[in-house]
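I opened my notebook to look up a few things in one structure.

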Amino acid sequence: MKVGLLGGLRVEHEGRSVAVNGTMQVAVLFRLAIDAGSAVSYRSIAEDIWAGDAPENTRGALQSIVSRLRTQLPPDVIESTPGGYRIALARADVDALAFSDLVAEAAAATGDAATVLATRALGLWRGEPWIPSDNFDWFVRDLLKDRSDALALGGIARVEASGSSIPAPLTALVGREIELETVSLQLGQSRLVTIIGTGGAGKTRLAVEAARSRPGAVLVELAPVGPTELYAAVLAATGREIRTSETSSEIVDTRTRVIEGLTGREVLVVLDNCEHVIDRAAALAADLLGALPQLCIIATSREPLGVPGEAFVAVGSLARDRAIELFTQRAISATAGEFSEGDLEVAGRICERLDGLPLAIELAAARLRTMSLDEVLSGLDDRFALLTGGFRTAMPRHQTLRAMIDWSWSLLSEEEQHVLAGFAVYPAGADAADAALLARSMGVASAGVFDSLVDRSLLQRNKGRYRQLETIREYGIERLAEAGLLALARERQVHVMVESAARHDARLRGPEIHDAIAWFDAEEDNIAGALRFATESRMAEEAVALAVSCFWYWTIRDREADSRTWMAAVGPLAATVDTDAGRLMHHVYPVVVAFNAGSETDADEEDVAQAMALLPRFEVSSSAPDVVQLVIPIIGAFSKEAGSPGWMTRVVVPRGEDLGLSEWPTAVLTVVRASIAQNRGDVQSLGEASQVAVDQFTAIGDWWGLALAQQMRSEWLSVNGRLEEALELSDASTENMRRITSSWDLAQQRSLSISILTRLGRVEEARQRAEELLAEADAGGNIRTITQALTTAIAANVSFGEADAARRYLERFDALAPTLSRLPGQLLALAESGRAGVALLDGDLVAAESALRSAAEHALHSGDHPVIGSVALDFGMLALARGDTSEAARALELAVAVLGAEDPTDPRVIAIEAAAGRSETRRVGLSPTRPGALEELRGLVS
């Protein structure tokens with residue numbers, strides 16, 4: 001590794017630039033580099049980098065700084081020593097030290113040798129020494145004295161080529177290390193490199209920094225010049241008012257002067273701000289490069305020049321940490337104050353809202369002279385009024401945020417302005433595949449206008465989507481409002497979303513489901529904006545059509561809040577919409593509202609029954625939309641039973657074949673029948689319906705439906721003791737569902753495979769999967785999913801006999817559960833069963849009984865037969881622990897009656913039959929259809 005300190009900080013390793021981030025990391029690197037190869041004590045480092053403002057625990061602070069610094073440098077460059085650190089570099093690897101050593105050698109030599117050594121030393125002098133702070137001003141003084149000594153010894157100083165016009169920067173360049181290195185690499189391969197980006201991204205600052213290290217670099221500022229004045233601007237920058245060699249009396253044309261002035265010179269010309277004269281700038285660049293083979297050009301523009309051989313370096317938003325660093329530096333300059341951790345959080349939010357644009361960030365930081373951070377953040381609601389009063393020396397268009405965008409706007413054609421403003425009503429951007437539809441909605445002949453705006457850095461195209469920076473989008477909204485066109489633009493956006501959502505909704509029910517889900521995920525903000533405007537503007541037909549097109553997406557992605565919110569908003573409009581979709585919405589939304597009344601507790605069964613009773617009975621046919629065909633029969637089936645205790649287990653879902661429905665709703669009705677059969681312990685119906693559903697969804701190619709059918713089939717196989725088959729199908733279901741559904745649904749599926757592995761005796765695999773499930777849930781951050789994963793881990797560890805591990809998971813569950821407003825009764829029952837299992841492992845039968853009573857209460861309230869049957873088996877295990885084999889046999893009998901079958905692979909079934917004797921458990925008969933089993937279980941609990 002090599003470190004350059006003369007003419008600016010440079011860190012290189014194996015010929016490539018190394019970016020070092022962080023003010024304190026850079027300061028420590030500098031302090032170790034100026035003593036390269038030698039150990040530096042903690043005390044010396046602290047005294048130099050902090051001076052009189054050191055933290056209380058300097059050693060701890062240094063260790064933290066060095067730890068972060070090591071991650072940015074090649075391995076083993078920073079070595080720990082007793083009492084300090086050492087950088088593993090030779091003095092020759094640091095240009096300032098090599099310079100000083102050569103001057104010392106020159107001073108010790110005589111005659112020509114001294115001159116040669118002094119000249120070699122001066123050849124290293126690339127500019128003023130770089131230091132991280134004024135704490136090291138002594139270092140600069142020492143080097144300047146060495147330079148004077150070298151000159152006095154006859155050394156010849158390195159002379160920059162004439163005509164250099166690169167201004168010295170007033171502030172450090174922040175967050176553009178990668179782009180700076182890319183410019184350097186591109187210049188090594190191409191003679192024309194164009195830095196492109198939106199206004200305020202820092203193109204000029206990057207170009208200037210890239211040109212500073214090039215001898216004889218010339219900055220040509222094109223912003224103030226007209227189309228016919230480009231050669232004159234280049235001529236003025238070179239400082240060469242010359243005449244031709246043939247005649248000394250006639251002044252030749254400007255182009256000839258430029259060519260003659262630059263012929264034979266290795267010069268880098270920076271053509272800054274080309275966008276307003278883009279065609280002429282392209283012609284100028286092509287002409288100069290063709291006539292001057294030793295010339296290189298860096299151009300800055302909001303679009304490419306379009307010259308053969310042109311290379312590009314895109315300058316976009318700063319990364320969040322670098323944006324905060326820039327904001328902090330400029331804020332400290334404006335206020336001379338320091339930021340707390342809380343201040344940094346607010347600064348981060350400011351930078352995010354400003355899209356990480358350096359100019360906007362600098363303008364915002366400057367406002368801190370008279371405003372607080374919170375006031376600046378709040379003021380961004382009207383950012384164009386807030387961000388004014390920039391630096392007086394800046395170009396006018398860089399003095400306010402609005403002026404910066406006004407400049408870009410003025411360079412657009414009328415059609416481009418129309419599209420840029422119209423696109424502002426799409427907060428999520430737009431899929432490139434929908435470009436033709438968007439163009440048509442805006443009255444534009446060709447979708448190519450979008451790529452034209454990308455070329456001008458006013459739209460971004462990334463991963464198949466067009467997007468606008470938030471600042472540009474707000475500017476567009478203002479333009480639309482000023483022209484009185486905002487409502488019209490939003491209305492057009494509604495029509496686009498209605499058409500697009502309907503097209504992608506159809507793809508949700510077939511082999512293209514993954515692409516369709518990706519579209520809905522990406523369009524979430526656009527859909528919400530369209531639904532909001534449509535409902536507020538009472539665009540009833542459009543609001544209903546869009547909500548119905550999103551209904552199935554919300555269902556399979558477990559977006560209950562979205563479904564509830566928009567059903568309630570759109571439903572009242574549906575009464576005026578005489579379509580299948582309108583009738584569906586009108587009849588469904590009261591039920592949705594009733595089911596989610598209060599949203600904090602389970603719906604009141606009487607409210608649900610009342611809402612369902614209002615539903616008229618009407619026929620559906622295969623010509624109706626798929627979702628309409630599906631939902632209406634389901635609601636009809638539920639409405640017949642709703643309102644009484646345990647009504648969910650009595651619902652009879654009709655066969656789609658009998659109703660004449662199309663293939664997809666028929667298949668979904670089949671899997672719903674399987675699910676209800678499993679819930680009420682009807683094992684035979686579960687087996688029949690699950691197999692039919694698997695076959696139907698396989699034929700359709702709907703991966704989501706197939707995953708549900710496979711899960712139901714796996715449940716049936718598991719209950720019937722066919723564990724290997726059940727595991728294979730459960731894993732297949734998980735893979736099908738992984739890219740589709742919510743983490744909550746996926747966690748439920750994976751719990752089944754962990755249970756099956758445990759029954760198969762594959763304990764290590766089960767343990768590993770339980771740990772993976774919890775780790776993934778933790779990484780996702782969804783507390784509901786985490787609680788599901790925790791109950792799985794609790795049950796698994798109880799079955800392993802590992803009470804301590806299960807107890808730790810229970811403690812986490814107990815800490816998280818109160819943070820959720822509502823947990824399913826099934827989940828609470830499983831947690832309490834796990835608590836009982838831990839108590840049994842500890843030998844605490846009283847605590848086990850208390851936990852099981854709580855588990856039974858939750859299970860019976862849920863009406864979920866598999867959970868109820870599982871709790872009954874746990875009561876059997878408690879009876880065994882008490883030595884009451886008769887009571888254990890009774891519990892097993894009740895469990896089988898509730899579950900609908902005896903699972904011969906369940907360890908609890910095996911234990912009870914082994915202890916009580918199989919004949920005793922059969923005295924009354926294990927009847928899956930035994931009447932009153934739930935009531936008997938309630939008696940057992942009480």
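My entries on this predicted model follow.

Entry on Arg 16. I found Arg 16 in strand β3, which covers residues 16-17. Leaving out residues up to four places away in sequence, I listed Val 11, Glu 181 and Leu 185 as touching Arg 16. With one of these, Glu 181, the side chain of Arg 16 makes a side-chain polar contact at 3.4 Å. I also checked Met 1, 15 residues away along the chain: its C-alpha atom is 9.5 Å from that of Arg 16.

Entry on the cores. Which residues touch the most other members of the largest nonpolar core? They are Phe 327, Ile 350 and Phe 450, in a core of 188 residues. Helix α25 (residues 540-556) gives the most to this core, namely twelve residues. I noted a second, separate core of 50 residues, with Met 1 and Val 3 among them. Back at Ile 350, I found that it touches Phe 327, and that Leu 373 and Leu 380 are also among its contacts.

Entry on the cavities. I counted three cavities of 30 Å³ or more. Arg 302 and Glu 303 are among the lining residues. The second largest cavity holds about 40 Å³. Its lining has six nonpolar, three polar and two charged residues, and helix α22 (residues 486-507) gives the most to it, with three residues.

Technical notes:
Residues numbered from 1 in each chain as written. Predicted model: local features only at pLDDT ≥ 70, side-chain atom pairs only at ≥ 80, totals over all residues. Heavy atoms only, no water. Helix = DSSP H or I, 4+ residues; strand = E, 2+ residues; numbered from the N terminus. Contact = heavy atoms within 4.5 Å. Polar contact = N/O pair within 3.5 Å; in protein donor to acceptor, adjacent residues only side chain to side chain. Core = buried A, V, L, I, M, F, W, Y, C linked by side-chain atoms within 4.5 Å. Buried < 20%, exposed > 50% of the residue type's maximum accessible area, 1.4 Å probe, protein only. 1 Å grid on protein atoms, 1.4 Å probe; cavity = no way out; pocket = protein on both sides within 12 Å on 5 of 7 lines; lining within 4 Å. Points joined across faces, edges and corners; volume = space filled by probe spheres on them. Nonpolar A, V, L, I, M, F, W, Y, C, P; charged D, E, K, R; others polar.
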